[in-house]
Amino acid sequence: MNPTALNTDSSSQIASHHPVIAFIGAGNMAEGILGGLYASGHSRNHLRFADPVSERRDYMTSKFPEAQNFGDDNNACIKGADVVILAVKPQVLRKVVQGLVFEDPHTLIISIAAGIRTTDISRWLNAPEAMPVVRCMPNTPALIGEGAAGLYATEATSAAQRESAERILSAIAKEVNWVDDENLIDTITAVSGSGPAYFFLFMEAMQAAGVASGLTPEVAKALTMQTCIGAAKMAQQSEDDLAVLRRKVTSPHGTTEAALVSMENANIRKIIEDGVFAAEHRSRELAEEMGKDQ
């Protein structure tokens with residue numbers, strides 16, 4: 001659901017679809033977003049980054065030579081930027097944000113740090129008024145352009161800035177969804193943020209079962225992965241919901257039914273639900289822990 005736009009002011013750079021974007025932190029997710037923006041045709045000289053690790057900066061410069069390397073000077077990097085993407089680890093975000101000095105209080109801030117609420121980021125900012133902040137929860141498939149992401153925007157964020165944030169995340173995520181309740185970012189974390197690991201575990205177990213039944217590890221892995229990819233694509237392309245698709249594959253008294261009955265008897269739905277709820281709960285715990293004043 002798109003949050004209601006409460007502020008319609010925006011800069012000409014945002015409106016032009018080629019804002020100057022500064023990355024604070026140049027880790028894997030920053031690399032993924034930069035790569036997606038490169039591929040999407042974003043003006044490369046409008047992309048810049050800063051990172052405390054010289055080896056990482058050298059790597060990023062070799063991969064994205066047109067992007068501006070500001071060394072470890074975060075404030076030089078954000079000067080004149082329309083969008084600042086906070087791409088550092090959650091544990092250091094407070095220190096990083098408190099050290100930033102913004103000349104323009106309308107600069108859009110996008111945080112991809114897991115578990116940090118916008119209220120905490122806003123409190124740490126060195127700004128005379130509420131700044132536009134978008135909290136984003138991408139997942140690791142975003143690194144290969146197959147991500148899913150949830151977004152939440154503060155009231156100070158304009159409609160044009162929301163559009164800009166969505167465009168940026170769409171460079172790495174094929175599914176981008178807004179929520180108007182920030183607590184739902186914890187739910188998104190549990191479903192799609194942590195979700196890839198659930199599928200890896202399921203595929204790991206399927207491969208192991210295939211090997212236990214006589215397949216080579218290579219064959220079992222290849223069949224498992226392609227089955228997962230094929231099923232996901234069928235689900236994406238079909239007008240049927242997931243339950244209907246499952247029933248269509250399940251012949252009465254057949255092999256699929258035997259497998260599903262065994263899984264249902266083991267309470268697989270409750271196991272998955274408990275896992276998602278545990279992840280959601282932990283996400284909220286982490287937000288409380290990392291948002292506390294030191």
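I started with Glu 146, which is partly exposed with a relative accessible area of 43%. For my own record, buried means under 20% relative accessible area, exposed means over 50%, and partly exposed is in between, with a 1.4 Å probe and protein chains only. Before going on, I noted that this is a predicted model, where local features need pLDDT of at least 70, side-chain atom pairs count only at pLDDT 80 or more, and totals for chains, interfaces and linings use all residues. Residues are numbered from 1 along each chain as its sequence is written, and side-chain values use heavy atoms, with hydrogens and water left out.

Which residue forms a salt bridge with Glu 146? I found Lys 174, with the closest N and O atoms 2.8 Å apart. That pair links distant parts of the chain, since Lys 174 sits in strand S8 and Glu 146 in the loop between strand S6 (133-137) and S7, 28 residues apart. Lys 174 counts as exposed, at 61% relative accessibility. The rule I used for a salt bridge is a side-chain nitrogen of Lys or Arg within 4 Å of a carboxyl oxygen of Asp or Glu. Helices (H or I, at least four residues) and strands (E, at least two) are DSSP runs, numbered from the N terminus.

By that rule I get 16 salt bridges. Another one I looked up joins the side chains of Glu 31 and Lys 63, at 2.6 Å from N to O. Glu 31 is in helix H2 and Lys 63 in helix H3 (residues 54-63), so this pair ties together parts that are 32 residues apart in sequence. Is Glu 31 buried or exposed? Glu 31 counts as buried, at 11% relative accessibility, while Lys 63 is partly exposed at 44%.

Lys 270 and Asp 274 meet in a salt bridge with 2.7 Å from N to O. Both lie in helix H13 (residues 268-291), four residues apart, which is about one turn of the helix. Lys 270 is partly exposed at 38% relative accessibility, and Asp 274 is partly exposed at 37%. I also wrote down a network of salt bridges that links Arg 135, Glu 182, Asp 186, Glu 280 and Arg 284.

**The sheet**

Next I traced the strands, counting two as paired if DSSP finds at least two bridges between them. What order do the strands take in the sheet? I read S3-S2-S1-S4-S5-S6-S7-S8, an open sheet of eight strands with mixed pairing. Strand S3 (68-69) and strand S8 (173-178) are the edge strands, each pairing on one side only.

Strand S1 (residues 21-24) pairs in the parallel sense with strand S2 (residues 47-50) over four bridges, and Ile 24 stands opposite Ala 50 in S2. With strand S4 (residues 83-86), S1 also pairs in the parallel sense over four bridges, and here Phe 23 stands opposite Ile 85. Ile 21 and Phe 23 point one way from S1, Ala 22 and Ile 24 the other way, and all are buried. In a regular strand the side chains alternate between the two faces of the sheet.

S1, helix H2 (residues 28-40) and S2 make a right-handed β-α-β unit. Right-handed here means that, with the strands pointing away from the viewer, the path from the first strand over the helix to the second runs clockwise.

At the other end of my list, strand S7 (residues 147-153) and S8 run parallel, joined by five bridges. Ala 149 stands opposite Val 176 in S8, and Leu 151 has Trp 178 as its bridge partner there. The chain crosses from S7 through helix H7 (residues 159-170) to S8, again as a right-handed β-α-β crossover.

**One glycine**

I looked up Gly 32 in helix H2. Gly 32 counts as buried, at 13% relative accessibility. Its C-alpha atom is separated by 20 Å from that of Arg 162, 130 residues apart along the chain.
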